[in-house]
Amino acid sequence: MKLTFRWYGDNDPVTLHRIRQIPTMSGIVSAVYDVAPGEIWSEQSIAELKTKAVSNGLEFEVVESVPVSEDIKLGNENAPKLIENYCENIRRLGMAGVKCICYNFMPVFDWLRSELEHQQTDGANALAYDESTVLSMNPLTSELSLPGWDASYTKEGLRDLLSQYSQIGEEQLWENLKTFLQAVIPVAEEAGVRMAIHPDDPPWGLFGLPRIITGEKNLERFLKLVDSPSNGLTFCTGSLGANPENDLPKMAKKFGERIYFVHLRNIKHTGERSFEEVGHPTKCGSLDMYGIVKSLVDGGFDGYVRPDHGRMIWGETGRYGYGLFDRALGATYIAGLWEAVERGNNK
Ligand code: DNO
């Protein structure tokens, strides 16, 4: 297992120097942020990112994300060209030593929350999701807090996209995903890169938009779309765990060898389709973090792990979910869990 930490580039208030000081940290997870989704990343930007990491004693082996353009997810006439660009990015990243690329296939919205600064009893604030609040809001009037939201959408652009997706049900989205994978996975194989799809967060459809990377059955179906070692999963416990029907330890064990990247975080279920993010330890929330790590190790997982969203604690301000302090606490907790599980297994 390699412990990693997400870094948002030079604008990230969390510096590489600080990331490096987190015990057992091996590398960063990052992306080139100076190009629009769908475009080819310049070799120079990729190289600069790598140099920054390496000169701070960190590896750069994981990219999160190379975004998949809406045209690809919609499977429209622009898709082939954009898929070709995507393949070129995989080649370039492979050449630069990247081993794993995380991406998602969620239509329009990435991760969604109803609250960004939910006050917790210990004075921390955290991201929270309440389905009734989300559904009572109209994405077209943008009352919603959308942390994973691409702010560049205009209202017209969004209306247009939502109407295009209204023609597309889940089955068509599966088809478009298959077309994408059939093109990119052979390129990833050749480039020595493992593709790791991120589950939908939350793992159910919203605003009439289909979401398909949601649970055990669908992950199984996904892996069979193109059955190659380069076609794998990002196991995001907070995303999949939002649905209590997802048995995470069971899934971690079952898919262990095809999981290349793990986002570990805990959430507390606060009602039907409602949850808030909490500190990483099992005791803080509804997910069995030890059980998940044990199953990953037993299931043959040997990839990258990062602590996921942290709460804002100790007065820190910054990028929602991505401050330093709580994620660093999460990282050392994860390192501790791993040591305990591996030693226990070798007894
Ligand atoms: C949220 C993240 C997601 C993730 C993308 C991967 O914090 O886990 O935004 O990066 O869905 O493409």
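This is a predicted model: local features need pLDDT of at least 70, side-chain atom pairs count only at pLDDT 80 or more; totals for chains, interfaces and linings use all residues.
Figure 1. The shell around the ligand is made up of 14 residues, and the closest of them are Glu-64, Ser-65, Asn-104, His-309 and Tyr-322. When these shell residues are sorted by class, five are nonpolar, five are polar and four are charged. Strand β4, which spans residues 100-104, provides three residues, and this is the largest share of the shell.

Figure 2. For Ser-65, a polar side-chain atom lies 2.5 Å from an oxygen atom of the ligand. For Asp-110, the corresponding distance between a polar side-chain atom and a ligand oxygen atom is 3.0 Å, and for Arg-6 an N or O atom of the side chain is 3.1 Å from an oxygen atom of the ligand. How much of the accessible area that the ligand has on its own does the protein cover? On its own the ligand has 330 Å² of accessible area, and the protein covers 97% of it.

**Figure 3. Two cis peptide bonds.** Ser-65 itself sits in the loop that runs between strand β3 (59-64) and helix α3 (70-74). A further cis peptide bond joins Asp-201 and Pro-202, where omega is about -5°. Pro-202 is placed in the loop between strand β7 (194-198) and helix α8.

**Figure 4. Two residues with a positive phi.** Most residues other than glycine have a negative phi, and the two residues in this view depart from that pattern. Phe-207 is not a glycine, yet its phi is positive, at about 50°. Phe-207 lies in the loop between β7 and α8, and Pro-202 is found in that loop as well. Is Phe-207 buried or partly exposed? Its relative accessibility is 21%, so Phe-207 counts as partly exposed, given that a residue is called buried under 20%. Arg-273 also has a positive phi, near 55°, and its place is the loop between strand β10 (267-271) and strand β11 (274-277). With a relative accessible area of 38%, Arg-273 is partly exposed.

**Figure 5. The largest cavity.** The structure holds two cavities of 30 Å³ or more, and the largest has about 60 Å³ of space. Its lining includes Gly-38, Glu-39, Trp-41 and Val-66, together with Leu-82, Asn-85, Tyr-86 and Asn-89. Which element gives the largest share of this lining? Helix α4, made of residues 79-95, contributes four residues, the largest share. By class, seven of the lining residues are nonpolar, four are polar and one is charged.

**Figure 6. The second largest cavity.** About 40 Å³ of space lies in this cavity. Leu-116, Asn-125, Ala-126, Leu-127, Gly-310, Arg-311, Met-312, Tyr-320 and Gly-321 form its lining. Strand β6, which covers residues 125-130, supplies three of the lining residues, and this is the largest share. The lining divides into five nonpolar residues, three polar residues and one charged residue.

**Figure 7. The second largest pocket.** The space in this pocket comes to about 300 Å³. It is lined by 14 residues, and those closest to its centre are Gly-9, Asp-10, Ala-31, Tyr-33 and Asp-34. Sorted by class, the lining of the second largest pocket has six nonpolar, three polar and five charged residues.

Technical notes: Residues are numbered from 1 along each chain as its sequence is written. Side-chain values use heavy atoms; hydrogens and water are left out. On a 1 Å grid over the protein atoms alone, a cavity is a set of points where a 1.4 Å probe fits but cannot get out, and a pocket is an open set with protein on both sides within 12 Å along at least five of seven lines; lining residues have an atom within 4 Å of a point. Grid points are joined across faces, edges and corners, and a volume is the space filled by probe spheres set on the points. Ala, Val, Leu, Ile, Met, Phe, Trp, Tyr, Cys and Pro count as nonpolar, Asp, Glu, Lys and Arg as charged, and the others, Gly among them, as polar. A residue is near a molecule or strand if one of its heavy atoms lies within 4 Å of it. A polar contact is a pair of N or O atoms within 3.5 Å; within protein, one must be able to donate a hydrogen and the other to accept it, and residues adjacent in sequence count only if both atoms are side-chain atoms. Accessible areas come from the Shrake-Rupley method with a 1.4 Å probe; for residues, only the protein chains shown count as cover. Buried means under 20% relative accessible area, exposed over 50%, partly exposed in between (1.4 Å probe, protein chains only).
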